Amino acid sequence: MASPSDPEFLASHGMSTSPHFIDLPQFEGRKPTIGVCAMDSKARSKAMTNILNRLHATNRYTVVFFTEKTILDEDIEKWPLCDFLISFFSAGFPLEKALQYTRLRKPFSVNSLVRQFLLFDRRIVLEMLGHAGVPTPRHLVVSRDGGPQVHPLLQRVVEQRMGLTLGQSCSGGP
């Protein structure tokens, strides 16, 4: 009898055989392109350079950097084409514009751009970490602006995937 860890067992049951639990697209006869869409401070950081050097060393991928000029000044239709996208928000980065690019070109997003909106408010981050059982340092939350503001669509995704209604534990009150 085949083991559930056996790739043939997984494939015969319609499950992914990828170690990442998803099936990546096939690229017949060409190297897939990894696009790095981030401000230079992140895209050229020591950690990112290390990761990209390891990927490049496999000789299985082509890496293309979206320059800051491209990201900030060019229309998304002129941005480089890529099969995989690595993108990080930082000061000055047009996150909404990067989302428009992913909707237009549909690269495989290595890290979710939409979920990066959740990182804008540390109250949301603390709430999600607490819900997931991740220990955090002792902290006090003072909310003088009515609480975190989360886009309704993103709110629904978090509720469906995590069973968490954001803003409840941080709502404060009189």
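Here come some questions and answers on this model.

Q: Before we start, what kind of model is this, and how are residues numbered along each chain?
A: This is a predicted model, where local features need pLDDT of at least 70, side-chain atom pairs count only at pLDDT 80 or more, and totals for chains, interfaces and linings use all residues. Side-chain values use heavy atoms, with hydrogens and water left out, and residues are numbered along each chain, as its sequence is written, from 1.

Q: How many helices and strands does the protein chain have?
A: Helices (DSSP runs of H or I, at least four residues) and strands (E, at least two) are numbered from the N terminus. Going along from that end, the elements read α-β-α-α-β-α-β-α-β-α-α. That gives seven helices and four strands.

Q: What percentage of the protein chain's residues are buried?
A: Buried means under 20% relative accessible area, exposed means over 50%, and partly exposed is in between, using a 1.4 Å probe and protein chains only. The protein chain has 174 residues, and the buried ones make up 33%.

Q: Is E127 buried or exposed?
A: E127 sits in helix α6. Its relative accessibility is 7%, so E127 counts as buried.

Q: Which helix do the buried residues of α6 pack against?
A: In α6 (residues 122-131), the buried residues are R123, I124, E127 and M128. They cover an arc of only 130° around the axis (taken from the directions from the helix axis to the C-beta atoms), so they lie on the same side of α6. An α-helix has 3.6 residues a turn, so residues three or four places apart point the same way. With contact meaning heavy atoms within 4.5 Å, the buried residues of α6 pack against α7 (152-162).

Q: Which residues are exposed on the other side of α7?
A: The buried residues of α7 are L154, Q155 and V158. Their arc around the axis is only 105°, which puts them on the same side of α7. On the other side, the exposed residues are P152 and Q160.

Q: Where does N59 lie?
A: N59 isn't a glycine, although its phi is positive, about 60°. Its relative accessibility is 52%, so N59 counts as exposed. N59 lies in the loop between α3 (46-57) and β2 (62-66).

Q: What is phi of K106?
A: K106 is in the loop between α5 and β4 (108-109). K106 is exposed, with a relative accessible area of 63%. Phi of K106 is positive in a residue other than glycine, and its value is near 55°.

Q: What is the separation of the C-alpha atoms of E127 and L164?
A: Along the chain, E127 and L164 are 37 residues apart. Their C-alpha atoms are separated by 8.8 Å.
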